[in-house]
There are 2 protein chains.
Amino acid sequence: MAKPYRPKLTNAARPATFEVEAVNERGEMVPTSIAGEHPLTLYLDKRELVTLMTLGHAPEALAVGFLRNQRLVAGIEDIEAVQVDWETDSVAVTTNRVFKGVEEKLQKKTVTTGCGQGTVYGDLMEEIDSIKLRDDVKLADTDLFVLLEKVRKHETIYKQSGAVHGCALATLDGEILMFVEDVGRHNAVDAIAGFMWLDAIDGSDKLFYTTGRLTSEMVTKCAQMRIPFLVSRSGLTKMGHDIAGQVGLTMLGRASGRHYLAFTGKHRLQRTATQPTAIA
Amino acid sequence: MAKPYRPKLTNAARPATFEVEAVNERGEMVPTSIAGEHPLTLYLDKRELVTLMTLGHAPEALAVGFLRNQRLVAGIEDIEAVQVDWETDSVAVTTNRVFKGVEEKLQKKTVTTGCGQGTVYGDLMEEIDSIKLRDDVKLADTDLFVLLEKVRKHETIYKQSGAVHGCALATLDGEILMFVEDVGRHNAVDAIAGFMWLDAIDGSDKLFYTTGRLTSEMVTKCAQMRIPFLVSRSGLTKMGHDIAGQVGLTMLGRASGRHYLAFTGKHRLQRTATQPTAIA
């Protein structure tokens with residue numbers, strides 16, 4: 001297999017947590033870990049695009065994934081370099097060709113997000129209509145439970161700070177391929193999208209896990225990455241539910257321990273833990 | 001006292017929750033409440049500004065508060081009408097004068113948020129330097145505990161859906177003046193800001209409670225509303241901590257039951273529950 005193309009990258013992760021002093025209800029000083037949060041201004045070919053507030057744990061992948069999910073670059077091959085500089089809180093992305101429609105997309109200042117207020121340049125929702133997810137992939141509940149246990153162990157790293165969201169990309173036998181945490185769940189999902197491009201990973205037989213809520217934007221991004229399984233320990237919104245149904249995504253909420261609620265796309269689930277029958 | 005000025009307003013709240021069918025890990029059908037989520041496109045004097053994804057529970061206040069917190073209108077008196085139309089998923093805000101600098105602000109497409117990806121037109125952070133919060137107001141821990149108990153009861157309304165954030169504005173003796181829930185915590189805080197303008201409520205002797213994390217944007221918005229107390233049951237980020245320290249905000253995290261951690265501005269806290277001495 002040919003080695004996947006890689007742009008020139010810095011490797012500029014920031015520390016994930018910082019310690020501060022707090023006073024509790026008994027008047028005692030309590031050293032407390034808090035999550036980092038740094039502004040990171042993204043320049044695309046010297047044009048200022050956006051300032052993201054990030055934990056700074058995977059800034060290069062975040063920049064790549066942001067551009068991918070906003071459809072501002074067409075493929076990883078188009079990116080020449082991603083250079084993070086924390087002296088100036090900036091990441092400069094250099095591309096090797098001119099993209100049609102970028103100017104037009106940037107003109108359209110529609111701002112949409114599942115967290116209430118985010119950024120989507122252009123009409124990503126229109127793209128949803130054309131998406132078809134793979135139907136020849138299945139997830140056994142036993143493998144799901146293996147994954148949930150692995151995620152639980154991963155999360156303990158920053159659990160202490162209580163101010164981050166985590167996302168994981170996993171195989172269908174419950175192996176975590178990458179795990180990203182950030183102060184916002186949109187950044188975490190964008191960083192995963194960036195890593196997938198950088199490592200040439202196909203999403204069509206994978207599972208996406210998030211600690212965050214399953215809103216329209218989370219479901220849309222998952223579908224855009226062609227990932228057929230979306231799992232969260234949290235709840236969902238009606239619009240997330242509607243879009244998941246429309247694209248036929250297998251969406252599980254309240255997933256924790258050996259429990260879950262399957263909302264859409266139940267045909268890809270295999271319930272084997274108690275008895276070996278397919279669900280639905 | 002003169003009755004506060006009120007723009008012409010619609011009253012177009014959407015239902016907060018919807019019921020869908022889910023299948024649990026035992027293959028049983030489980031009727032489940034999920035939160036509403038609706039796109040709401042905001043037009044300011046017929047100019048399309050932003051599309052917010054919202055629970056739709058207080059869309060008029062959300063529109064007013066968004067414009068307030070983005071500094072796109074100078075005062076409630078400048079707003080003539082706020083008209084929500086769910087047929088077109090839009091809210092039209094009509095003003096009665098031309099604002100200097102709005103065009104310029106809208107040109108600057110810097111996008112910043114504590115949730116990772118949000119919207120701030122212009123440089124709100126610069127404003128922070130000029131903010132001075134009241135220092136002659138105190139909060140007794142016993143009153144805080146009364147408030148936390150009231151918040152806990154409020155939240156049970158939508159707790160079932162697991163997909164919303166709640167915010168409250170409260171007095172310093174623990175009375176909740178308003179409580180707003182939304183799919184994003186930025187929307188919830190904007191809706192509170194809108195209600196405060198609509199009801200002519202001064203923030204300088206109030207407390208702001210949020211279920212969400214204390215990120216830079218949450219702290220900034222609280223300071224902009226001149227509210228000296230910010231309380232969350234969640235954690236905080238380093239940048240939230242830094243800004244709170246800079247403006248002298250009294251910030252409490254992990255507040256639940258009779259517990260809290262005070263991070264900044266401890267001089268406004270009075271610990272009376274165990275013994276009547278001031279903290280710090």
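**A helix pair in chain B**

Mentor: In this predicted model, H6(B) passes H7(B) in a right-handed crossing. H6 spans residues 216–224 of chain B and H7 spans residues 238–247 of chain B. Their axes lie 7 Å apart and meet at an angle of about 25°. Angles under 35 degrees count as roughly parallel, so H6(B) is roughly parallel to H7(B). On the H6(B) side, the contact is made by B:Ser216, B:Met218, B:Val219, B:Thr220 and B:Ala223. H7(B) contributes B:Met239, B:Gly240, B:Ile243, B:Ala244 and B:Val247. By class, the residues of this contact comprise seven nonpolar and three polar, with no charged residue.

Another helix of chain B may be set beside this pair. Helix H1 of chain B, residues 59–69, has 11 of its 11 residues buried, so it is largely enclosed by the rest of the structure. Among the buried residues of H1(B) are B:Glu60, B:Phe66 and B:Arg68. H1(B) is followed by B:Arg71, which has a positive phi, near 60°.

In chain A, helix H1 (59–69) belongs to a contact between domains. Chain A is divided into domain 1 (8–123) and domain 2 (139–278), and 25 residues of domain 1 of chain A are in contact with 27 residues of domain 2 of chain A. On the domain 1 side, H1(A) supplies the largest share, eight residues, while strands E3 (29–35) and E5 (47–54) of chain A each supply at least two. That side of domain 1 of chain A has 14 nonpolar, nine polar and two charged residues.

Technical notes
Residues are numbered from 1 along each chain as its sequence is written. Chains are lettered from A and ligands numbered from 1 in the order in which they are written. This is a predicted model: local features need pLDDT of at least 70, side-chain atom pairs count only at pLDDT 80 or more; totals for chains, interfaces and linings use all residues. Axes are lines fitted to C-alpha atoms, for helices over the stretch in contact, and angles run from 0 to 180 degrees between N-to-C directions. Helices (H or I, at least four residues) and strands (E, at least two) are DSSP runs, numbered from the N terminus. Angles under 35 degrees count as roughly parallel, over 145 as roughly antiparallel, 65 to 115 as roughly perpendicular and the rest as oblique. A crossing is left-handed if the near helix is turned anticlockwise from the far one by less than a right angle, and right-handed if clockwise. Two residues are in contact if their C-beta atoms, placed from the backbone, lie within 7 Å. Ala, Val, Leu, Ile, Met, Phe, Trp, Tyr, Cys and Pro count as nonpolar, Asp, Glu, Lys and Arg as charged, and the others, Gly among them, as polar. A residue is buried if 20 or more other C-beta atoms lie within 10 Å of its own, exposed if 12 or fewer, and partly exposed in between; C-beta atoms are placed from the backbone. Domain bounds come from an automatic or database domain assignment.
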